[in-house]
Amino acid sequence: MSHVAVIGAGLTGAATAWRLAQRGERVTVLEQAMPANPQGSSHGSARIFRYAYPDPFYASLVAEARDHWDELSETAGVPLIRNVGSLDFGARRDPAQLAGILTSIGVDNDLLTAEEAATRWPGLHVDGPALWQPGAGVLDAESTVTAMIELARAGGATIRTGWTVTGLTTAPRPAATAGRATTSSAATTPDPTAATAVGPTTPGPTATSSAATGLTAATGLTAATGLAAGSGRCRSGPPTVRS
Ligand SMILES: Cc1cc2nc3c(=O)[nH]c(=O)nc-3n(C[C@H](O)[C@H](O)[C@H](O)COP(=O)(O)OP(=O)(O)OC[C@H]3O[C@@H](n4cnc5c(N)ncnc54)[C@H](O)[C@@H]3O)c2cc1C
């Protein structure tokens, strides 16, 4: 069993913690504030869930992710996505191109003429083709984070709030005692792998080095997945709140 320190409890960190705990890994979440921190991005109850991205890679990731959302919703017993559908139109969205991408990855869609769209939605002024995605909808970001954190906790994860990670330092391997997450409260966690999920908008910890362990990659704080891993040490600032 490995020990993973997940830094940040937004959607990315919470998902990482949930899945790792589910796999039986030892997990410690270090969050500078609280899960779904309003200063981060994963707060609020009304965000867009849509498949239509101009890059097929991202569109197919959404299709894959939908199964995980449904699994989470069912496991937690909480509705997380409301399938109200979505409509893309206007020159900047290029509905025809998006429809081609969705069709190529098997996502249900309907490319409508302006006239068809105007008939279905008489209150909208649509002056070109429009893409209807019935599977899109509104997602509840905060409930999603909460559901994943609670499932991670139920799976044995430790959730520490009010813990700001200020740096990452590598340690030599493979010594059995190498690597330690240390906080100023003197709490230590041996031999963790760091998974940074500090989001695109908040400044985060910096790693000192080590291409060998991959910890330098952990400074990729703006990575879309938010998940980069490496063996080493985490150094945290003083906790202000703990749970
Ligand atoms: C206003 C707004 C609207 C959006 N609308 C949509 C939408 O409609 N559809 C959509 O798909 N996406 C939307 N997004 C984007 C989406 O919300 C983000 O991509 C997603 O929430 C990012 O999640 P995250 O976990 O990577 O980052 P965050 O949610 O930012 O989480 C990062 C966490 O790391 C913690 N942290 C940071 N630094 C440290 C540190 N040093 N030590 C410990 N913890 C730390 C933060 O406190 C925070 O809790 C929107 C974003 C915003 C801001």
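**Close-up views of a predicted model**

**View 1. Helices α2 and α5 cross with a left-handed sense.** The axes of α2 (residues 56–76) and α5 (residues 141–154) come within 10 Å, and they cross at roughly 65 degrees. Since angles of 65 to 115 degrees count as roughly perpendicular, α2 and α5 are therefore roughly perpendicular to each other.

**View 2. Side by side, here are the residues where α2 meets α5.** From α2 come W69, L72, T75 and A76, and in α5 they meet T144, A147, M148 and L151. Sorted by class, the contact of α2 with α5 has 6 nonpolar and 2 polar residues, with no charged residues.

**View 3. Three strands form an open sheet in the order β5-β7-β6.** The pairing in this sheet is antiparallel. β5 (86–89) and β6 (110–112) stand at the edges; each has a single partner strand, so one side of each is left without a neighbour in the sheet. From one strand to the next, the twist averages 25 degrees.

**View 4. A closer look at β5 beside β7 shows two strands that run antiparallel.**

Technical notes: Residues are numbered from 1 along each chain as its sequence is written. This is a predicted model: local features need pLDDT of at least 70, side-chain atom pairs count only at pLDDT 80 or more; totals for chains, interfaces and linings use all residues. Side-chain values use heavy atoms; hydrogens and water are left out. Two strands pair if DSSP finds at least two bridges between them. Helices (H or I, at least four residues) and strands (E, at least two) are DSSP runs, numbered from the N terminus. Axes are lines fitted to C-alpha atoms, for helices over the stretch in contact, and angles run from 0 to 180 degrees between N-to-C directions. Angles under 35 degrees count as roughly parallel, over 145 as roughly antiparallel, 65 to 115 as roughly perpendicular and the rest as oblique. A crossing is left-handed if the near helix is turned anticlockwise from the far one by less than a right angle, and right-handed if clockwise. Contact means heavy atoms within 4.5 Å. Ala, Val, Leu, Ile, Met, Phe, Trp, Tyr, Cys and Pro count as nonpolar, Asp, Glu, Lys and Arg as charged, and the others, Gly among them, as polar.
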